[in-house]
Every structure is written in structure tokens, then in C-alpha cells.
Amino acid sequence: MGISFVSTNQAPAAIGPYSQAVKAGSFLYASGQIPLRPDGTLVEGDIVAQTHQVFANIKGVLAEAGLTLSDVVKATVFIKNMDDFGRLNEVYGHYFGDHKPARSTVEVARLPRDVQVEIEVIAYLGE
């Protein structure tokens with residue numbers, strides 16, 4: 001099956017030496033998305049506004065690979081302040097609905113560009 005790389009203009013370009021996502025075998029490993037718009041500008045504002053942009057970016061990367069949020073099997077959420085967990089969780093639930101991938105949520109001291117949230121996902125490509 002090999003490895004291939006996913007790149008789209010529907011999400012911000014990588015801000016370092018990595019790919020937006022990598023297809024390997026039956027899975028897509030998407031790099032963490034922060035609340036940058038596809039043009040590279042930062043979404044200011046609270047955790048809700050930033051999380052909505054993160055999901056827009058994730059959806060863009062998934063779409064480039066022919067996938068949707070329904071194909072996500074695992075999400076890892078990095079949050080700057082666990083006090084924002086409830087509001088982040090509401091936005092997260094809005095996007096995933098009844099689809100409930102496995103998830104880890106970790107409070108971190110700092111994220112790139114001093115944002116409040118970063119989310120990475122793993123999606124199933126199928127056979």
C-alpha cells in the first residue's frame with residue numbers, strides 16, 4: 001500500500017517540516033490543527049471560536065483524502081486550560097454528533113502561536 005502525503009489549500013499549510021496528513025495502509029494520520037485560517041491568519045477569540053476553526057481545518061484535510069469526520073477513529077485534543085473543557089466539548093460534540101471516536105484530552109503548558117487548542121485525528125480509509 002505504501003505511504004502518501006495529503007496536502008490541501010482548505011487548511012493552513014504546515015508551519016514546520018511535516019505534512020498536513022499521511023496515508024499509511026488503511027489509515028490517515030492527520031497532523032494537529034490549530035486555529036489558523038487557510039490563509040495563515042490566526043483566529044483570535046475564545047476557545048469556542050478557535051475550536052470551530054480547528055474543525056474547519058480538519059474537515060478540509062479529511063475531504064482532500066476523500067474522508068469525513070465519520071471516518072475518524074481517534075482524536076487527540078491538546079488544550080491550554082482544562083477550565084475550557086466544557087465549552088470545547090460542546091463544539092466537539094456538535095461536529096461529531098452520534099459518531100464517537102476514541103479520544104484523549106491533554107492540558108498543555110503552551111501550543112504553537114500561543115493558541116488555546118490543537119486537535120489531531122486518525123481516520124480509517126477502508127480496505
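**Contacts, burial and pairing**

User: Which residues does Gly32 touch, not counting residues up to four places away in sequence?

Analyst: Gly32 touches Glu118, Ile119 and Glu120, where contact means heavy atoms within 4.5 Å. This is a predicted model, in which local features need pLDDT of at least 70 and side-chain atom pairs count only at pLDDT 80 or more, while totals for chains, interfaces and linings use all residues. Residues are numbered from 1 along each chain as its sequence is written, and side-chain values use heavy atoms, with hydrogens and water left out.

User: Why is Gly32 called buried?

Analyst: Gly32 has 17% relative accessibility, and buried means under 20% relative accessible area, exposed over 50%, partly exposed in between (1.4 Å probe, protein chains only). Gly32 therefore counts as buried. Its place is in strand 3, residues 27-33 (helices, H or I, of at least four residues and strands, E, of at least two are DSSP runs numbered from the N terminus).

User: How do you know that Thr51 is buried, and where is Thr51 found?

Analyst: The relative accessible area of Thr51 is 0%, so Thr51 is buried. It is found in helix 1, residues 47-64. Leaving aside neighbours within four places in sequence, Thr51 contacts Leu88, Val91 and Val117.

User: Why is Arg113 called partly exposed?

Analyst: Its relative accessible area is 45%, so Arg113 is partly exposed. Asp114, with 40%, is partly exposed as well. Arg113 lies in the loop between strand 5 and strand 6, and Asp114 is found in that loop too. Neither is a glycine, yet phi is positive, about 60 degrees for Arg113 and about 55 degrees for Asp114.

User: What makes strand 4 and strand 5 a pair?

Analyst: Two strands pair if DSSP finds at least two bridges between them. Strand 4 (residues 72-79) and strand 5 (residues 102-107) have six bridges, in the parallel sense. One of the bridges joins Thr76 to Ser104 in strand 5. With helix 2 (residues 85-96), strands 4 and 5 make a right-handed β-α-β unit; right-handed means that, with the strands pointing away from the viewer, the path from the first strand over the helix to the second runs clockwise.

User: How many residues has the largest nonpolar core, and which have the most contacts inside it?

Analyst: It has 25 residues, and Leu28, Leu62, Ile119 and Val121 have the most contacts inside it. Such a core is a set of buried Ala, Val, Leu, Ile, Met, Phe, Trp, Tyr and Cys residues joined through side-chain atoms within 4.5 Å. Helix 1 gives the largest share of this core, six residues.
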